[in-house]
Amino acid sequence: MMNNSAGWKGHFCPGLLFLVVLFLGGCAMGSDHKLRKPDLPGTWPETEALTRDGQDYLLEWWTRFEDPMLNQLVAKAVQDNPDIRVQAARVWEARARLGFARAEQLPTVGVQAEAVRQRQPEAVTGIPGGSRGNLFSLAGLLEFELDIWGRLAMEREAAQAVLLESQYTQEAVRQGVISDVVVTYFNLVAAREELEITRQTLELRKQTYELERIRFEAGQVDELVLGQAESALEKVRALVPDLKRQVRILEGALGVLTGLSPLELFDDDRVRYGLARSVFNPGAVPLVLPSELLNRRSDIRSAEARARATGTAIGIARAERLPRLNLSGLLGTLAPETRDLFTSSARNWSMGAQAAGPLLDFGRTRAGVEAAQAQYVQAEIQYEAVVSTAFNEVRDALAIYQSAQNREEAVLRLVGSVERTRNLAKVRYQEGMISFLEFLEAEQDLFAARQDLNNAVRDRLVAVATLSKALGGGWDPDSIERYEVSSAVKD
């Protein structure tokens, strides 16, 4: 290794280089792309489904149903769902990439040790046969790229945006899983309730058939009435297998979402499903204005962060077309014998600057800029599409929720009316005032009304879950907001 202590002729002036760097730093580049906020209406269509009270309810909206089993299932799904775990690993990766981008802005400090046994040829030394000798060196190295165009700063900014995107995406996945668990749970509760209603009706049909069989044998009714009772019995019995199959399918779906086996889910010693009507009605959902969706919906925030990252990538691509300035320094010792390494005569140092950049790349860097611009346009379009989709989801969910509430109230009134009619028909049939067919029709009307009520309750509960998810409920942005603030302070 050559001694660099005499490598400079004249005086190297770091101050002059520093002034040049300051001048070039004034030309630093940055992303000039500002994401346009979509225009949204000031309010939603008038509805009774929203209230201005209780914004905190949206943070953990599923707990408002006051169903301990549902809370346990959601907690299990959030903990063990593979989609959430995969996205958490992506957040981990994005955080590591941000750490790398930050480190790229700092100098690289290294150490170098070298031991060489070499032969100098006779043509160089003038000594017959040449000369042999040892050379030992120990040095510290410093390398630093001056970010004169802001490329490294923009890479860090892009990495921060990618991290935020992954965090918001993780929250969007989490909310999707929670919503799927809640909806599947209520569908399962309703399916089990419908099965129970059918079984109860089947028992009543059996009792009615046995009564008509006894009457037939006693000659009180003819064979037609007995056949009608048997047909009514078998018609209800035929419904049971399909309802059982539906319950098993929903159990399997819920098991996949929560990572639990059917045995773990439905051990009667630990898990008991109540009637769908026993689930607490959370009432009106807190009001979230359309403009607030831009901050509440994690999928919108994710798309916004993605657009920010792609916009910054344009500046990075432009900076790739410009030269880079690297500073380097070395401080160490160099001697032919190890015992001389730490003597004053063995001291060795060097410092230098290197500028390098593309001169003729046949359009490679220009193509990189154009590709980055195209990616930004795509991200901008995707952002606008996500916002539009979110607005439509809330608008539709509001209409569905209001409709579900109104339908449940109407079916409740219908069930009360049908029950009174059926009870009156039963008394008149027992007194012989109406035919069996008329009594059977009243029974069937009650069976259908009970099923309708069960479905209406299910639809109302599902509508609450759908609306809460559409409003961006259930996620706490504090951790991400803290990250954004701390990053801005550090920058």
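**Entry 1: what am I looking at?**
I noted before anything else that this is a predicted model. I kept in mind that rolling a probe the size of a water molecule over the atoms shows where empty space is left.

**Entry 2: counting cavities**
How many cavities of 30 Å³ or more are there? I got 4 of them.

**Entry 3: the largest cavity**
I looked up the volume of the largest cavity, and it is about 50 Å³. Then I went through its lining. One run of the lining goes Glu145, Leu146, Asp147, Ile148, Trp149, Gly150 and Arg151. Sorted by class, the lining of the largest cavity has 6 nonpolar, 1 polar and 4 charged residues.

**Entry 4: a loop residue**
I also checked Leu322, which sits in the loop between helix 10 (298-319) and strand 5. Is Leu322 buried, partly exposed or exposed? Its relative accessibility is 25%, so I put Leu322 down as partly exposed; the range for that label lies between 20% and 50%. Leu322 and Ile148 are 174 residues apart along the chain, yet their C-alpha atoms are separated by 9.7 Å.

**Entry 5: the second largest cavity**
For the second largest cavity I found a volume of about 40 Å³. Its lining includes Arg205, Thr208 and Tyr209, along with Ala229 and Ala232. Phe436, Phe439, Leu440 and Glu443 line it too. Three helices each supply at least two lining residues here: helix 5 (151-217), helix 6 (223-237) and helix 12 (436-470). Which helix gives the most? That is helix 12, with 4 residues. By class, I noted 6 nonpolar, 1 polar and 2 charged residues in the lining of the second largest cavity.

**Entry 6: helix 6 and its partner**
Helix 6 came up again, now with helix 7 (residues 239-258). The axes of these helices come within 4 Å and cross at roughly 15°. Because of that angle, I call helix 6 roughly parallel to helix 7; the cut-off for the term is under 35 degrees. On the helix 6 side, Lys235, Val236 and Arg237 make the contact. On the helix 7 side, I listed Leu239, Val240 and Pro241. The contact residues divide into 4 nonpolar, no polar and 2 charged.

Conventions:
Residues numbered from 1 in each chain as written. Predicted model: local features only at pLDDT ≥ 70, side-chain atom pairs only at ≥ 80, totals over all residues. Heavy atoms only, no water. 1 Å grid on protein atoms, 1.4 Å probe; cavity = no way out; pocket = protein on both sides within 12 Å on 5 of 7 lines; lining within 4 Å. Points joined across faces, edges and corners; volume = space filled by probe spheres on them. Nonpolar A, V, L, I, M, F, W, Y, C, P; charged D, E, K, R; others polar. Buried < 20%, exposed > 50% of the residue type's maximum accessible area, 1.4 Å probe, protein only. Axes fitted to C-alpha atoms, helices over the stretch in contact; angles between N-to-C directions. Parallel < 35°, antiparallel > 145°, perpendicular 65-115°, else oblique. Contact = heavy atoms within 4.5 Å.
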